[in-house]
Amino acid sequence: MLRPYKDSKIPKIILDIGCKVKYNKSTTGTQKPETTKGRQIPMLNKFLVAGRLTADPEIKTIGEKRLCKFTIACDRPKRKGEETAETDFFPCTAWNRNADVIVDWFGKGDMVTLVGSVHNNRYEKDDQKRSSTEVKVEEIHFSGGKKRENTAPTANRYDNPYIGTENDPLF
């Protein structure tokens, strides 16, 4: 919010960037964000990754919801003196429409950019405390093509003698 500064003869404009946090008072069992001197401290859990799918995604139906679990591989830049770059793998979960988009449009080796939030899951298995981390996908962005290695060239319109002629139903 811009407001004029009137305390001096030279007009100044001060940009008021106040932290604004929404809090749902009707929700029970939740806590208000921490405050410092009467101001609320905003919290943010956003994750942005661009990488390639490690396998073809598959979709599962759970009740009326659709679930797609997949993994994104993201290379780190090489450092001086290193021969190869290291790769990080991020397990991701997409629900409903996002799951449909992933399954319909992406396959193994395809580049994708995802925006989501990181969730740490804690559970107990065989009397051992365990934890796992996953990215819950909120947005999907097309960011590149498929990683192609020695693939045959795809057919083009000139390979079919009927395309672009009177025999073509779209002509």
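**Figure 1. Contact range and overall make-up of the predicted chain.** Of the contacts (heavy atoms within 4.5 Å) between residues at least 6 apart in sequence, 51% join residues at least 24 apart. The model is predicted, so local features require pLDDT of at least 70 and side-chain atom pairs pLDDT 80 or more, whereas totals for chains, interfaces and linings use all residues. Residue numbers run from 1 along each chain as its sequence is written, and side-chain values use heavy atoms, without hydrogens and water. Helices (H or I, at least four residues) and strands (E, at least two) are DSSP runs numbered from the N terminus. The chain has 171 residues, 20% of them buried; buried denotes under 20% relative accessible area, exposed over 50%, and partly exposed in between (1.4 Å probe, protein chains only). Carbon and sulfur atoms hold 50% of an accessible surface of about 14,500 Å², computed by the Shrake-Rupley method with a 1.4 Å probe.

**Figure 2. The largest nonpolar core, with 17 residues.** Such a core is a set of buried Ala, Val, Leu, Ile, Met, Phe, Trp, Tyr and Cys residues joined through side-chain atoms within 4.5 Å. Phe70, Ile72, Leu114 and Ile140 have the most contacts inside this core. At least two core residues come from each of β5 (47-53), β7 (65-75), β8 (87-95), α1 (96-105), β9 (110-125) and β10 (128-146).

**Figure 3. Surroundings of Ile72.** Neighbours within four places in sequence are left aside. Ile72 is then in contact with Val49, Gly51, Arg52, Leu53 and Thr54, with Asp88, Phe89, Phe90 and Cys92, and with Val112 and Leu114.

**Figure 4. The aromatic pair of Trp105 and Phe142.** The whole structure holds three aromatic pairs. Rings of Phe, Tyr and Trp (its six-membered ring) pair if their centres lie within 6.5 Å; planes under 30 degrees apart are stacked, over 60 edge-to-face, and the rest tilted. Trp105 and Phe142 are edge-to-face, at 5.8 Å centre to centre and 85 degrees between the planes. This pair links helix α1, which holds Trp105, to strand β10, which holds Phe142, across 37 residues. Both residues, Trp105 and Phe142, are exposed.

**Figure 5. The aromatic pair of Phe106 and Phe142.** This pair is stacked because the ring centres of Phe106 and Phe142 are 5.0 Å apart and their planes lie at 25 degrees. Phe106 is in the loop between α1 and β9 and Phe142 in strand β10, so the pair ties together parts 36 residues apart in sequence. Phe106 counts as buried at 7% relative accessibility, whereas Phe142 is exposed, with a relative accessible area of 55%. Trp105, Phe106 and Phe142 form one aromatic cluster.
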